[in-house]
Amino acid sequence: MGDRNGHYFSDEPTSASRPREYVFEGPAGPITVTSDSGVFSHGRLDKATALLIRNPQVAALLPGTGDLVDLGCGAGPIALWLAASRPHCTVWAVDTNERALALTASNARRNNLANVRVVRPQDVPDDLRPTAVVSNPPVRVGKESLHAMLRQWMARLNGGAVAVIVIGRHLGADSLQAWLTSEGWPTERLGSSGGFRLLVARVRSAAD
């Protein structure tokens, strides 16, 4: 795989900076993203993220108030889309990649999205209870690390909250769906396209 420090799941990428912009259609108009090397999906909106933000069922699942989390935000396209879609929510853009965090903060300012908070995982307030987690997760960190990350965040969700996850079929989407369900978070497929699966995992409420 080459130098790990050059990959998007590195905390501090060492690859030379090569900024590139792309634009996608948001809920209230175009959203411009500056991406860079060493950060996931350099120079384009990746197919998995596009599947997530363009599925109307995802928007329908999101509450109008509260805290939303983009887990593994990269340069921020999901966080920006969430912030534009839900202006009365606070969107927490979470990543360990320093270059990704800087890009997301800059992209939020550029698109006038003041409801985005850009943080490392350890800087998220301990008492934060998101109403939804939305993620194109860094699956290449490995299954064990991915499961540990999802357990941590699913445990923060109150009853009735959801996690929306997009993941490649060849990267274990079907097994992840089965694992989430076995862990007590019933998970269904919202859609699929181009080899990617869009999943929603639900946290049972006390009434269930």
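Leaving aside its neighbours within four places in sequence, which residues is Val-164 in contact with? I will come to that in a moment, but let me begin with how the model should be read. What we have here is a predicted model, in which local features need pLDDT of at least 70 and side-chain atom pairs count only at pLDDT 80 or more, while totals for chains, interfaces and linings use all residues. Residues are numbered from 1 along each chain as its sequence is written, and side-chain values use heavy atoms, with hydrogens and water left out.

Now to Val-164. Apart from neighbours within four places in sequence, Val-164 is in contact with Leu-52, Val-58, Leu-61, Val-133, Val-134, Ser-135, Leu-198, Leu-199 and Val-200, where contact means heavy atoms within 4.5 Å. Val-164 also belongs to the largest nonpolar core, which has 39 residues, and together with Phe-24, Leu-52, Trp-81, Leu-82 and Leu-198 it touches the most other members. Helix α3, residues 77–85, gives the most to this core, with 6 residues. By a nonpolar core I mean a set of buried Ala, Val, Leu, Ile, Met, Phe, Trp, Tyr and Cys residues joined through side-chain atoms within 4.5 Å; buried means under 20% relative accessible area, exposed means over 50%, and partly exposed lies in between, using a 1.4 Å probe and protein chains only. Helices (H or I, at least four residues) and strands (E, at least two) are DSSP runs, numbered from the N terminus. A second, separate core of 27 residues includes Val-94, Val-133, Leu-150 and Met-154. In soluble globular proteins, nonpolar side chains tend to be buried together.

Next, the strands, which pair if DSSP finds at least two bridges between them. Strand β3, residues 66–71, and strand β4, residues 89–94, pair in the parallel sense over 6 bridges, and the partner of Leu-71 in β4 is Val-94. Between these two strands the chain passes through α3, and this β-α-β crossover is right-handed, which is to say that, with the strands pointing away from the viewer, the path from the first strand over the helix to the second runs clockwise. Strand β3 is also joined to β6 by 3 bridges, again in parallel, with Leu-68 standing opposite Ala-132 in β6.

How many salt bridges does the structure hold? There are 7, a salt bridge being a side-chain nitrogen of Lys or Arg within 4 Å of a carboxyl oxygen of Asp or Glu. In one of them, Glu-98 pairs with Arg-120, and the closest N and O atoms are 2.9 Å apart. Glu-98 lies in helix α4 and Arg-120 in the loop between β5 and β6, so the pair ties together parts that are 22 residues apart in sequence. Arg-120 also bridges to Asp-123, with the closest N and O atoms 3.3 Å apart. In another, Glu-188 meets Arg-202 at 3.2 Å between the closest N and O atoms; because Glu-188 lies in strand β8 and Arg-202 in strand β9, this pair ties together parts that are 14 residues apart in sequence. Salt bridges that share partners join Glu-98, Arg-120 and Asp-123 into one network.

Ser-41 has a positive phi of about 60° although it is not a glycine, and Ser-41 is buried, with a relative accessible area of 10%. Asn-112 likewise has a positive phi, of about 55°, without being a glycine, but at 69% relative accessibility Asn-112 counts as exposed.
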